Amino acid sequence: MVSADEYIHILMFPFMGHDHLIPFLALAKQIHHQTGFNVAIANTPLNIQYLRSTLRQEPNPGIRLFELPFTSSDHGLPPNTENTENLMLDLIGKFFSSSVCLRTPFHYALLEIVKQQGRPPVCVISDVFFGWAVDVANSVGTVNVRLRICFAEVKRGHDYDRELIGSRLLRPTGGSWRSLARRGVGWDMKSETFANLVSAILYEKRFGPYFSQPIIAGLGDEDKPFICTMDSNGVKWETKFVAREAVT
């Protein structure tokens with residue numbers, strides 16, 4: 001049995017892209033800070049190397065990293081292609097397809113955790129693109145939470161700061177994702193403005209890497225309820241009562 005300091009409460013598996021790795025790491029830090037839970041993040045070797053270098057700048061003993069074997073050339077991709085960063089558009093589809101091969105090593109990593117600590121993690125938090133993670137989590141007696149994330153780029157001088165603006169995962173402590181957007185622009189957005197921002201981002205990135213269908217709800221002018229959903233191209237639909245996400 002492992003010690004309390006080594007016990008893994010949550011296992012995360014973000015998609016292989018900086019726009020997924022960064023918010024998953026930020027979420028892992030928040031979970032550890034607010035709950036004391038230890039969080040492990042699994043990914044391919046080069047992405048783990050990237051996360052490890054990031055953690056060196058701000059060490060966090062509550063976060064562990066697991067490497068999953070992956071050879072991009074086995075899938076018709078250039079050598080060392082483990083990330084969507086600078087990936088040619090015509091290779092995006094092939095890269096997404098290659099991620100299916102990570103199911104088995106991820107399953108083995110989860111089984112090893114169960115073997116070492118005698119029980120599975122409380123949950124597995126995976127990227128929305130890994131639909132098979134549900135079956136892997138169920139096979140060891142835990143649950144899977146599929147997380148969808150998008151980013152806003154806010155220009156400050158000649159630099160771009162990225163702020164998390166949306167997610168399918170509800171934070172247990174409550175609060176608004178809008179407040180996170182406020183950190184980037186310096187003022188509290190109205191729900192309608194926030195929806196327009198997300199719509200513009202999705203339209204700009206309609207060919208990738210964001211393929212999400214978010215729901216945005218809040219209080220609009222005169223504190224009237226505002227509910228809006230949109231497709232992956234950023235086309236909005238506003239409704240008075242209820243909205244649902246289209247899951248494919």
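Helix 1 (residues 18-35) has 18 residues and spans 25 Å from its first C-alpha to its last, close to the 26 Å expected at 1.5 Å a residue; the expected span is 1.5 Å times one less than the number of residues. Helices (H or I, at least four residues) and strands (E, at least two) are DSSP runs, numbered from the N terminus. This is a predicted model, in which local features need pLDDT of at least 70, side-chain atom pairs count only at pLDDT 80 or more, and totals for chains, interfaces and linings use all residues. Residues are numbered from 1 along each chain as its sequence is written, and side-chain values use heavy atoms, without hydrogens and water.

Just after helix 1, Gly-36 has a positive phi of about 80 degrees.

Five strands form an open sheet in the order 3-2-1-4-5, with parallel pairing (two strands pair if DSSP finds at least two bridges between them). Strand 3 (63-67) and strand 5 (143-147) are the edges, each pairing on one side only. Strand 4 (residues 123-127) is joined to strand 5 by five bridges; Asp-127 has Leu-147 of strand 5 as its bridge partner.

Two helices lie across strands of this model, as tabulated. Contact means heavy atoms within 4.5 Å. Axes are lines fitted to C-alpha atoms, for helices over the stretch in contact, and angles run from 0 to 180 degrees between N-to-C directions.

| Helix | Lies across | Angle |
|---|---|---|
| Helix 1 | strands 1 (10-13), 2 (39-43), 3, 4 and 5 | about 165 degrees to strand 1 |
| Helix 2 (residues 45-57) | strands 2 and 3 | about 160 degrees to strand 3 |
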